Amino acid sequence: MVVNEQVNITTEKTKSPHIAGSSLKISVKELSVFFGKTKVLSDININIFERKVLAIIGPSGCGKSTFLRSLNRMNEEVGGNFTGKIIFDDEDIMKLDPVYLRRRIGMVFQKPNPFPTMSIANNVVAGLRMNGFRDKKKLKEIVETSLRQAALWDEVKDILHESGANISGGQQQRLCIARTIAMQPEVILMDEPASALDPISTAKIEELIFELKKKYTIIIVTHNMQQASRVSDYTAFFYMGKLIEMDKTIKIFTDPELKQTEDYISGRFG
Amino acid sequence: MEMKFPMKKFIFYKRRTANFVMLSLSLLAALITIVPLVFIFYYTISKGISNLNIDFFTKLPTPVGETGGGMVNAIVGTIILIAIGGGIGIPVGIMSGTYLSEFGKNKFGILVRFFTDVLSGIPSIVVGVVAYTLVVIPMKHFSALAGGIALAILMIPTITRTTEEMIKLVPQSYREAGLALGIPKWKITVMIVLKTAWKGIATGILLGLSRAAGETAPLLFTSLGNRFWSTDIFQPIASLTVYIYQYSTAPFKDWNDQAWTAALALILLISVLSLVFRIITRSKYKA
């Protein structure tokens, strides 16, 4: 898909920046999300580009996580529903089976959550095994390549058969990333992936994001402004369930259009 | 440093005394809880051990007046009864517990939960009467199957509620991790949630089995008892508990002694059962 036409149509409304040389992966149109009668997000329009990192920033409760969870239809598991459209590779996600959709759009959570009853190796291939993939030789290869991609291989190669819960928090989070990569998704959603980690582990995750964007489209929710400015190509600022401003990261952090954005970024509120 | 709020010295004494008194009372209560078990072990072992020999585990009971003999039929009978009860009760209990915790947030779930709670409070003899009416009367004779069904009914509420509670303790984040990996919900439930909760569920199963193994009342008019060797589940079957009841109330000294031995054998059987069950269900990784 060529980006120009698509983006030009929506740029006015979405304030989405045009990213040259990248095609459109997900297009969110007029998205509003409800939990019961509470409207959590209203009229979000965002274009997400292939092999770029989109950072979503905003104060707690602004709907960042809800937005992220709309993309892989996780909200409906906890009673959320939405209006509007999310187009993923020309297809309406509501027309896709959620299980199939989530294989293509992986997710990494805030708190590392490896399965404690499985070994490190089995954690990596948990998704594949439980989807009926049983070729032992292939699985072994995937364990190694995924752990290498998640920059964890050297640390765990000798303890692959220990429980996934026996390694440090930072390692657990990279294990969760490896588990997500093993499914070979196209998009990876990250919900504050480093907020429960120490600075060294955080730095490792950020380096990893840099590597991963060569292959995957990444959307990261973060509370950490520096992190957003370091890892992302473009940034969306959410406030009270609305998309306030979205632009290239360098523009958002140096010369935002709106005062509200500037105030948040400079720490004057939120 | 000067104290801002000078306290009177006697307050400390008062607190210390109160602390000492309460601690002593708690210790006493703790001792009282272990006393009955010590007595049970003391009496069953001291009175039962003399008859506990190879014959007891290999021979059939002898007629009145004849000494010796054993209770092999009752030991095997109890095992068969527990197996039937567990064979029905464990799957039903686990599945209904899983339903309640994973899908039971509706009116039907509330109803099932209420019924299970009431069922767990029903006296076991009443369950026996019901099994008699539902199984024994239509089949026209007492049977091991009827006894097993009665035991299953007694096990189900324990296993159901423990399963439900244990599954509820599994963090939501594991389910979400499974969902995010594109794993179908039923596989998440079976391969992640149940597996994580398994240790607690196993404890519930063991509780249910042990309780069932010690039941007498529901067996009196379902499996009845049998003085001969039988492993036919459609025929009356002997059980240790029924023997304990009959032998301990009989006017013969040697029968009374054998009742103690049967009691000891039952305790041993349940201990072995727990041990074997723990070994079988032991998982490689702690949840």
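In what order do the four strands of the open sheet in chain A stand?

**View 1. The open sheet of chain A in the predicted model.** The four strands follow the order β2-β1-β4-β5, and their pairing is antiparallel, where two strands pair if DSSP finds at least two bridges between them; strands are DSSP runs (E, at least two residues) and helices are runs of H or I with at least four residues, numbered from the N terminus. The edge strands, each pairing on one side only, are β2 (38-49) and β5 (91-92) of chain A. Strand β1 (residues 24-35) is joined to β4 (residues 80-88) of chain A by eight bridges, and A:Phe35 stands opposite A:Gly80 in β4(A).

**View 2. The largest nonpolar core.** Among its 137 residues, A:Ile46, A:Phe67, A:Leu147 and A:Phe238 touch the most other members, and helix α8 (residues 185-213) of chain B gives the most to this core, with 12 residues. Such a core is a set of buried Ala, Val, Leu, Ile, Met, Phe, Trp, Tyr and Cys residues joined through side-chain atoms within 4.5 Å; buried means under 20% relative accessible area, exposed over 50%, and partly exposed in between (1.4 Å probe, protein chains only).

View 3. A:Arg129 counts as partly exposed, at 29% relative accessibility. Leaving aside residues up to four places away in sequence, A:Arg129 touches A:Asn122, A:Arg134 and A:Leu139, contact being heavy atoms within 4.5 Å.

**Notes.** Residues are numbered from 1 along each chain as its sequence is written, and chains are lettered from A and ligands numbered from 1 in the order in which they are written. In this predicted model local features need pLDDT of at least 70 and side-chain atom pairs count only at pLDDT 80 or more, while totals for chains, interfaces and linings use all residues; side-chain values use heavy atoms, with hydrogens and water left out.
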